[in-house]
Amino acid sequence: MLTVEKIGGTSMSQFGDCLNNIIKQNRTEETMYNRIFVVSAYNNVTNWLLEHKKTGEPGVYAKFLHNEEYELALDDLCHKLLDINQTLEPIGLNLSEANNFIQYRIEQAKIYLSSMYQVLASGYVEKTSIYLAAREILASLGEAHSAWNSVNILNNNEINATFIDLCGFNDNEPLTIDERIHKAFQGIDFSKSLCVATGYTKGTEGIMRAFDRGYSEVTFSKIAVDVKANEAVIHKEYHLSSADPKLVGIEKSIPVGKTNYIIADQLADIGMEAIHPKAAKPLELAGINIRIKNTFEPDHPGTIISTDYVSPEPKIEIVSGTDKVIAFEVHDPLMVGEVGYDLKIMQIMQKYGVSYILKSTNANSITMVVWDRPDIRKMLKEMEQLVYQLTVKPVAIVCAMGTNIAHPGFLSKAAEALYDNNINIECFAQSLKQVNMQFVISREKYQAAVIALNNALCHKE
């Protein structure tokens, strides 16, 4: 049985636990292999290289964009990576070899970036493509660092491991992402060596351009499909649970045993990704199940995500949501009966690259919930000039999801739970598929709503 397994950045930063709980756990010499690991950069490294994923705090990439001594910023980054190496020496990392590798790779990056600046200075090229290429180069450094270190540690722990460097730093072959992945794994006997691949893959189409920060999961997905894996495993620092244990408490957060790709899509739509949606689709189409495991509870079987699973009993599997959204409502007395009224709304949203999470309508109003991004205000200002009346409100959205909830009673129980906790439903949506009930509420009630719905619909007595 061949598995492809992704290890996230938080888990990678505790690689001693990964070594014991993932790689060595309950393994004999005969069962050690037939596994490919795809690794993320250590925790925060990609934030330092590009920008902080949540706060937007700039990294080295911003220095390059504004020509603000990015080489010094890379030197500072190198010191941080050397500090990470120091922490890994006790579990088998050859410190001098590891330091030499990442120092050389960063020096290579400096050469590439310097050449790019010379081309930019000529004024003969379009800047955007150069900036995107720089972003690709910087992103690749984190995964090259963690993957190389992992292979070195494994080999020094008498586990035969192979470094699969998909970053393409040392070649100029015009390969697509799929072609590079396919070529990299040719001729490898998976039964005799653990492969550790970089989460970044160089390709002519640009993996960052196509998928941005979800690129490591896309690499993971493409590898699994290419090698025809029996299962794709994602190792995280938490279980996929009925609700966020930080909000509802560990004792009331129930690990989800099984669910399907439809529910995974619902989670991704509200930013609670079990897996990046563009990474999930190739696996879904190939019929490869995903298993999500908690790195720090290795004996737990985790959650299986499959194409065709439907719970044999009607139940809510997951309560989730976000308080980082806004609702805007377009009202027009002349809207009733007018065909295609919302076309102009959608055209403005398309112009700004904004997708809605929820849409609810009545005779003369259209309400949409979107992510509260910095550029949203500019979009809404333009929209206000074209519609009769626009109302904007910061809100939260909380969702109750399940593979088998198309039965009477779930909506009633959910509404009652919110009512009992003095939480007003500002807006509501559910499609005919009936896998996700979406409640729009005031922001300050978000945590209370998650707790109320989890306790009423998911919590075991």
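Predicted model: local features only at pLDDT ≥ 70, side-chain atom pairs only at ≥ 80, totals over all residues.

Residues are numbered from 1 along each chain as its sequence is written, and side-chain values use heavy atoms, with hydrogens and water left out.

**Strand β1**
- Helices (H or I, at least four residues) and strands (E, at least two) are DSSP runs, numbered from the N terminus.
- Because 5 of the 5 residues of strand β1 (residues 3–7) are buried (under 20% relative accessible area, with exposed over 50% and partly exposed in between, for a 1.4 Å probe and protein chains only), β1 is largely enclosed by the rest of the structure.
- Thr 3, Glu 5 and Ile 7 point one way from β1, whereas Val 4 and Lys 6 point the other way, and all are buried.

**Partners of β1**
- Two strands pair if DSSP finds at least two bridges between them, and β1 pairs with strand β2 (residues 35–39) in the parallel sense over 5 bridges.
- Glu 5 has Phe 37 as its bridge partner in β2.
- β1 also pairs in the parallel sense with strand β5 (residues 231–236), over 5 bridges, and there Glu 5 stands opposite Val 233.

**Helices α2 and α7**
- The crossing of helix α2 and helix α7 is right-handed, meaning that the near helix is turned clockwise from the far one by less than a right angle.
- The contact (heavy atoms within 4.5 Å) is made by Phe 15, Leu 19 and Ile 23 of α2 and by Ser 150, Ile 153 and Leu 154 of α7.
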